[in-house]
Amino acid sequence: MATTLLYQGHGSYRITAADGRVIFIDPYAGEGYDKPADILLVSHQHDDHNQIGLVTQKPGCTVITNVEALAGGKHNTFYVGGIVIEAVEACNTNHDPKQCVGFIITIDGIKIYIASDTSKTKSMESFASRKLDYALLPLDGYYNMDLTEAAECSRLIGARVTIPVHMKPGELFDRERAEAFNAPGKLIVAAGEEITL
């Protein structure tokens, strides 16, 4: 079985590992909550990222919110049955770095950067050396960076594929904005679309 990513819309995602394990990140939008979760990640406590009640949790489900991710005043890394979940810096004027994280998830040998709600961060400068496969970057220009800053970040991060997300307040997806995003390796994934990683 292939590793897949379902973009549920806005800033919500479902990743399914090759062995069938399911990870939900920032549940809020769209469809695809029919699979029970093995891992549930919440980057911060804004209402459009933390609707954990949408997700059925399997017994023993690992839940990592910004609280666990930032416990001890540092960005923590978690190892869950061969899946590595690394909390990384996320912040801007709307998002306190002490209450918000992004995630780098390594699953089936694939490295995925979920930026969450953020603008450019100091830690992004080290990401190119990580040789990330995917970067999911917000670009609404209201709560997060705009198209220009997101394009700059995409070049700094240097992921093989960059997917625009969190494009317009109140909307699951905005194709016009996604098409205006100028990033190397850009891949537009519509809300409700599932891709093989």
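Tutor: Let's begin with two terms: helices (H or I, at least four residues) and strands (E, at least two) are DSSP runs, numbered from the N terminus, and two strands pair if DSSP finds at least two bridges between them. This is a predicted model, where local features need pLDDT of at least 70 and side-chain atom pairs count only at pLDDT 80 or more, while totals for chains, interfaces and linings use all residues. Residues are numbered from 1 along each chain as its sequence is written, and side-chain values use heavy atoms, leaving out hydrogens and water.

Our part is strand E8 (101-107). On one side, strand E7 (residues 83-89) runs antiparallel to E8, joined by six bridges; Val-101 of E8 is the bridge partner of Glu-89. E8 also pairs with E9, again antiparallel, over five bridges, and here Phe-103 stands opposite Ile-114 of E9.

Now follow the chain from E8 into E9: this hairpin has two residues between the strands, and Asp-108 takes a positive phi near 55° there, although Asp-108 is not a glycine.

A nonpolar core is a set of buried Ala, Val, Leu, Ile, Met, Phe, Trp, Tyr and Cys residues joined through side-chain atoms within 4.5 Å. In the largest one, of 54 residues, Ile-105, Tyr-113 and Ile-157 touch the most other members, and E8 gives the largest share, five residues.

Note on methods
Buried < 20%, exposed > 50% of the residue type's maximum accessible area, 1.4 Å probe, protein only.
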